Amino acid sequence: MRKTIWTTLAVILIFLVWYLVADRKTPFTGNARVKAVATQIVPQVTGTVTEVLVENGQIVSAGDVLVRIDARPYEIQRDKAEADLEAATQEVGASSAEVRAAQAKLARAQSDLDTMRIQTERVFALEKKGLIAVSKADDARGQLAESEANYENAKADLEKAKQRLGDDGIENPKIQRALAALADAELNLEWTELRAPATGVISNLLIAPGTYARSGQDLLTFLDATDVWIEAYFSENNLGRASIGSPVDVVLDMHPGQVIPGVIESFSAAVSLSGGDVPGQLASPPSTKGFLREPERFPVRIVLPGYEAGSTEDDLRFQLNGQADVIMYLSDNSLLNLVGRTYIRVVSILSYAY
């Protein structure tokens, strides 16, 4: 009997020591989620939706038109602004046709440049992380430079058109006011088409033609597929040996039986005690309860090489906030790493059942 007790205590001690060591060198968590940037598409103008050109779950490319808002009121505003400019220029004895054309060209060039800046910023962010080829980033720089050149050319053409009106004409307050009104009308008309900011997926589509869109209020949800990662929450004592680039293994509930290698991309330096995961606030991990004091958990961002961006051609599919299990390998201890890889393999097989 005494021998059995001592044997049991020895086994418990061995497992306790093993747990403490493994928790530092091969920490594991089942508190992990698939993450991507969810963007609310918000109209800049108010009006009735006349066309919904996408379906729920549809994959779209950057610049694709998603929704059209009734443009007739804004076409009327533009026509009125053009007429006001015509009247103002006639008062000073000049023609406004060239100025109108140059103004419209500049508004279009400004819109194209804004769209290109949004798209290239995403590409440059991926380049900085080393997740895309340099040639693709160079192409983006070339496209951005071309858009900037087009904008500057349009701006110069407008200035030339203004100069042809003469100093007295272009400095006339009525013409200045008419030009500003025309630029505003052109921009509002441009905003009646809501476009995809990047390659991604439409989610939770709840609108149809006839929906009344209000300026500044969310209309539909867009999931950016250009940057996908795993966000794993580890306790503070798990992270003492972790560093950017440390290898990990990931099991996605959506792909049971499959272990996917990944690396640590970054760490969050703070968490909120009661906040939410919204822009401008600290990350707030899901709470878990235990017998002892609950440890604070910090999010670790993990990327899966080869799957940094969602694609229909990949053998992996991603669901935003889909659950995952993650184990990190933070030492060169072959025994601990072997046990960790065996454990995550068992977890991947068990994920068929839960």
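Which residues is V326 in contact with, leaving aside its neighbours within four places in sequence? I worked on a predicted model, and there I found V326 in contact with P27, F28, T29, A32, I230, A232, F234, V248, D249, V250 and I302.

Entry on the cores. I next looked up the largest nonpolar core, which has 24 residues. The members that touch the most other members are I230, V250, I302 and V326. I noted the strands that each supply at least two residues of this core: β1 (28-41), β8 (220-235), β9 (247-252), β10 (260-267), β11 (297-303) and β12 (323-328). With four residues, β8 gives the most. Apart from this core I found another, of 21 residues, which includes V60, L66, V67 and A196.

Entry on a sheet. I traced an open sheet of four strands, in the order β5-β4-β2-β7, with antiparallel pairing. I found β5 (193-195) and β7 (212-213) at its edges; each has a single partner strand, so one side of each is left without a neighbour in the sheet. I then examined how β2 (residues 47-52) is joined to β7, and found two bridges between these antiparallel strands. Opposite Y212 in β7 stands T48.

Entry on the surface. I looked up a nonpolar surface patch of about 440 Å², and recorded that I5, W6, L9 and I12 make it. Is W6 buried or exposed? I found W6 in helix α1 (residues 2-25). Its relative accessible area is 58%, and W6 is therefore exposed, the cut-off being over 50%.

Notes:
Residues are numbered from 1 along each chain as its sequence is written. This is a predicted model: local features need pLDDT of at least 70, side-chain atom pairs count only at pLDDT 80 or more; totals for chains, interfaces and linings use all residues. Side-chain values use heavy atoms; hydrogens and water are left out. A nonpolar core is a set of buried Ala, Val, Leu, Ile, Met, Phe, Trp, Tyr and Cys residues joined through side-chain atoms within 4.5 Å. Buried means under 20% relative accessible area, exposed over 50%, partly exposed in between (1.4 Å probe, protein chains only). Contact means heavy atoms within 4.5 Å. Two strands pair if DSSP finds at least two bridges between them. Patches are made of residues with over 30% relative accessible area and no salt bridge: like charges are joined within 9 Å, nonpolar side chains (Val, Leu, Ile, Met, Phe, Trp, Tyr) within 5 Å. Accessible areas come from the Shrake-Rupley method with a 1.4 Å probe; for residues, only the protein chains shown count as cover. A salt bridge is a side-chain nitrogen of Lys or Arg within 4 Å of a carboxyl oxygen of Asp or Glu.
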